Amino acid sequence: MAERRNGRPQIMIACRDLSKWFELGEQVVHALDGVSVQIPSGQFVAIMGPSGSGKSTLLYMLGGLDRPTNGDILVSEQPTSQLGGEDLAAFRSRTIGFIFQAFHLVPTLTALENVALPGIFAGMGRDEREQRAFRLLERLELADRIDHRPSQLSGGQQQRVAIARALFNDPPIIMADEPTGALDSKTGQTVMRMLRSLCTRQGKTVLVVTHDPGVASYADRVVQLRDGHIVDDRTVRVIGQPIAGQLPARAGQEHEHAE
Amino acid sequence: MFYELSMLAVGNLGRARARLIMTSAGVLVGTTAVILLVALTFGLQRAAESGIGNSSALTEIQVYPNYSFGPSGPEQQPEEIPQLTVEAVQKFWQIPGVAAVIPMTNLQGGEIQAGRLQGYAQIIGIDPQLLPYLGVTATQGSLSLERDEVIIGAHVGDYFFDPDAAADGGDFQPTLVNLFETDFRLNLYQYGSGTPTQRRVQVDATALLAEGTSYDYAMFMALSDVLRWNEWITGTKIEPKNFRYDQVLVRATSRETTVPVSDALREMGYGAGGLGDYINQLNQFFSTMRLMLGGVGGVALLVAAFGVANTMTMAILERTKEIGLMKAIGATDRDVLTVFLIEAGLVGLAGGAAGVGLSFLLQNLINQGIASLSAQQGGSGQGGGISFLPIDTSQIGGSLFVIPPELAAFALVLATTVGLAAGLYPALRAARLPPVIALKME
């Protein structure tokens with residue numbers, strides 16, 4: 001599990017001259033203005049910046065949830081800015097696992113059904129869906145919560161269910177928008193360690209949008225945005241070579257924080 | 001996959017139960033209104049039809065020469081008008097949908113003499129083989145005719161009187177004669193030059209007809225007998241070439257063929273009439289009535305449709321983020337559309353099913369109420385009429401509302417369709433929502 005999988009493109013995500021303009025009355029707002037970035041496969045990237053800097057817009061556009069006004073996007077070798085509706089849905093289904101600040105679990109479904117939801121849209125059979133969802137929940141130590149509805153789960157448990165859902169179709173990329181924003185700091189750390197582990201152990205490419213430097217400290221690379229421009233892009237750690245002293249305090253605490 | 005999406009929709013319906021119930025209740029009211037109003041027209045139609053007579057009357061067509069006169073005199077020369085000739089009768093047999101052609105000729109004159117009492121009747125000559133097609137039944141005896149035999153209409157014996165007593169200025173009260181059990185004869189008269197010659201023909205009754213047909217005051221005789229006596233009465237030999245029947249009854253194979261057969265006869269230049277035509281007009285009237293009353297109910301359903309649309313719009317507004325989420329994890333526009341359409345369709349179906357149930361319940365309650373009311377009034381000898389209803393309830397057997405299974409099925413389909421149609425616009429809006437907008441919606 002520790003080795004990186006073969007067959008993945010070296011550059012997982014690339015964009016060039018990416019722009020997004022909104023019209024607000026007579027004013028044109030440049031949410032993103034000529035952003036170019038390349039993210040290698042298996043990198044953990046934190047996108048940081050103040051509110052309105054365009055960091056969420058960048059994430060959603062790279063994830064195929066929004067369309068750019070200008071520029072090209074290549075994700076997992078697919079030109080997503082040119083894909084049509086059905087293809088884009090299939091792309092999101094297979095390539096990206098999304099995690100949101102507000103979890104976005106369906107309140108009428110159990111934890112198991114929520115995790116299995118992407119399987120429905122992928123056209124997977126019921127048995128396979130439920131088995132896979134159960135294995136994922138087991139891995140995230142939620143095996144005893146499969147029949148609970150979101151309202152019966154704590155915030156941390158809900159976000160773990162959301163992570164399991166993001167992993168359901170085994171996508172090469174995980175995108176998280178402020179994943180710890182609705183959690184207390186301890187629970188937030190547990191969630192970040194999970195994302196880190198997905199990157200380190202399974203070689204997933206992880207993009208996290210955050211304004212919390214503590215969250216960004218889990219990343220290999222931190223991209224700073226301001227007013228729609230990249231103002232700083234710093235690789236703090238080379239993939240596969242953890243920087244000594246970066247995570248010493250957290251080692252061995254994993255099980256204590258698991259709820 | 002459709003099953004899974006349906007289950008999602010069912011789960012979604014459980015979220016706001018009060019709202020679901022109220023929205024469905026709107027559809028329920030609309031559906032019930034449509035069903036009951038249309039059921040009323042079915043009930044009234046049945047009552048109207050049962051008042052007309054037996055079902056055999058519905059396949060009867062009376063054929064007659066079409067002496068139609070326009071405003072400025074005859075449209076055709078009388079000699080050009082097709083007549084009821086022997087040849088014509090043969091042609092009538094060729095029309096598709098004809099079960100039988102029954103030509104009839106009346107005996108020209110004649111009176112009935114039973115002892116000292118005399119009476120009159122239209123005496124009709126008919127081919128004995130065609131008796132089964134006449135649409136009459138015997139209450140006594142059996143339907144057959146040999147030489148010098150007659151079949152008696154139900155009320156022929158009602159008005160007999162004694163001519164001598166009448167001549168003496170005595171009691172002119174009609175006497176009722178049971179002709180089936182009394183010996184009687186026919187008196188025929190030949191009016192040549194001078195005094196008329198009387199001829200007495202002893203006849204036997206083979207059957208007494210059930211009442212309620214157009215032959216209550218008629219007698220049937222074999223056609224050959226009537227022709228023979230007519231030759232004697234008129235003193236002229238009947239030539240088949242010049243012969244005209246007095247009336248021709250065409251019997252259609254079924255109620256449905258009555259109209260085409262009538263049309264074919266009219267095309268041949270004859271007049272054709274019968275209850276079948278009347279029934280058709282009646283049906284047309286009730287169809288129009290059904291449309292109108294159904295439309296009134298439809299207005300209630302239309303109001304309900306706006307309720308469904310409103311509920312779906314609200315539901316979609318509330319669940320905008322969820323729509324964004326579904327799209328983020330791979331749902332296509334079509335998946336989202338399907339989920340919301342199924343939801344809307346289910347709201348309609350639920351309301352429709354409840355409406356069908358309520359309709360049957362109300363139908364039974366009202367019909368039972370009418371039945372017991374008319375039973376009470378019937379007991380007082382007033383013929384079972386209810387004063388506030390413009391119809392004779394004794395004729396409808398207590399069924400003012402009739403809900404055929406097709407109507408119930410139609411109402412279900414209609415309610416579901418209304419739900420789907422009402423949900424279409426909100427569902428389309430949901431499906432087209434860009435995921436990022438949906439996710440960020442507050």
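1. In this predicted model, A:Lys20 counts as buried because its relative accessibility of 12% falls under the 20% limit. Its salt-bridge partner is A:Asp66, with 3.4 Å between the closest N and O atoms, and A:Asp66 is likewise buried, at a relative accessible area of 14%. The two residues are 46 apart and link distant parts of the chain, A:Lys20 lying in strand E1 (residues 11–24) of chain A and A:Asp66 in the loop between helix H1 (55–62) and strand E4 (70–75) of chain A.

2. Over all chains, the search of the whole structure finds 19 salt bridges. One of them, in chain B, joins the side chains of B:Glu322 and B:Arg15 at 2.8 Å, N to O. This pair also links distant parts of its chain, since 307 residues separate B:Glu322 in helix H8 (residues 320–328) of chain B from B:Arg15 in the loop between H1 and helix H2 (17–52) of chain B. Here B:Glu322 is buried, with a relative accessible area of 13%, whereas B:Arg15 is partly exposed at 27% relative accessibility.

3. A local example is the salt bridge between the side chains of B:Asp263 and B:Arg266, at 3.2 Å, N to O. Both residues lie in helix H6 (residues 255–267) of chain B and are three residues apart, about one turn of the helix. Each is partly exposed, B:Asp263 with a relative accessible area of 38% and B:Arg266 at 33% relative accessibility.

4. How many salt bridges does the rule find across the interface of chain B and chain A? There is one, and it is formed by the side chains of B:Glu4 and A:Arg129, 2.8 Å apart from N to O. The contact involves 24 residues of chain B and 24 residues of chain A, and the two chains bury about 2100 Å² between them, 70% of it on carbon and sulfur atoms.

5. In chain A, six strands form an open sheet of mixed pairing, in the order E5-E6-E7-E3-E8-E9. Its edge strands, each pairing on one side only, are E5 (96–100) and E9 (229–235) of chain A, and the twist averages 15 degrees from one strand to the next. E5(A) runs parallel to strand E6 (residues 173–177) of chain A, the two being joined by five bridges, and A:Phe100 has A:Asp177 in E6(A) as its bridge partner. Helix H5 (residues 155–167) of chain A packs on the sheet and touches E5 and E6 of chain A, its direction making about 165 degrees with that of E5(A).

6. Chain B contains eleven helices and 14 strands, and 46% of its 442 residues count as buried. Strand E1 (residues 60–65) of chain B is joined by four bridges to strand E13 (residues 247–252) of chain B, in an antiparallel arrangement, with B:Arg251 in E13(B) as the bridge partner of B:Glu60. E1(B) also pairs in the antiparallel sense, over four bridges, with strand E14 (residues 270–273) of chain B, where B:Pro65 stands opposite B:Tyr270.

7. Finally, the cysteines: the structure holds zero disulfides over all chains. Among the residues of chain A, Cys15 is buried with a relative accessible area of 6%, and A:Cys199 is buried at 4%.

Note on methods:
Residues are numbered from 1 along each chain as its sequence is written. Chains are lettered from A and ligands numbered from 1 in the order in which they are written. This is a predicted model: local features need pLDDT of at least 70, side-chain atom pairs count only at pLDDT 80 or more; totals for chains, interfaces and linings use all residues. Side-chain values use heavy atoms; hydrogens and water are left out. A disulfide is a pair of cysteine sulfur atoms within 2.5 Å. Buried means under 20% relative accessible area, exposed over 50%, partly exposed in between (1.4 Å probe, protein chains only). Two strands pair if DSSP finds at least two bridges between them. Axes are lines fitted to C-alpha atoms, for helices over the stretch in contact, and angles run from 0 to 180 degrees between N-to-C directions. Contact means heavy atoms within 4.5 Å. Buried area is the accessible area (1.4 Å probe) that two parts lose on being put together, summed over both. A salt bridge is a side-chain nitrogen of Lys or Arg within 4 Å of a carboxyl oxygen of Asp or Glu.
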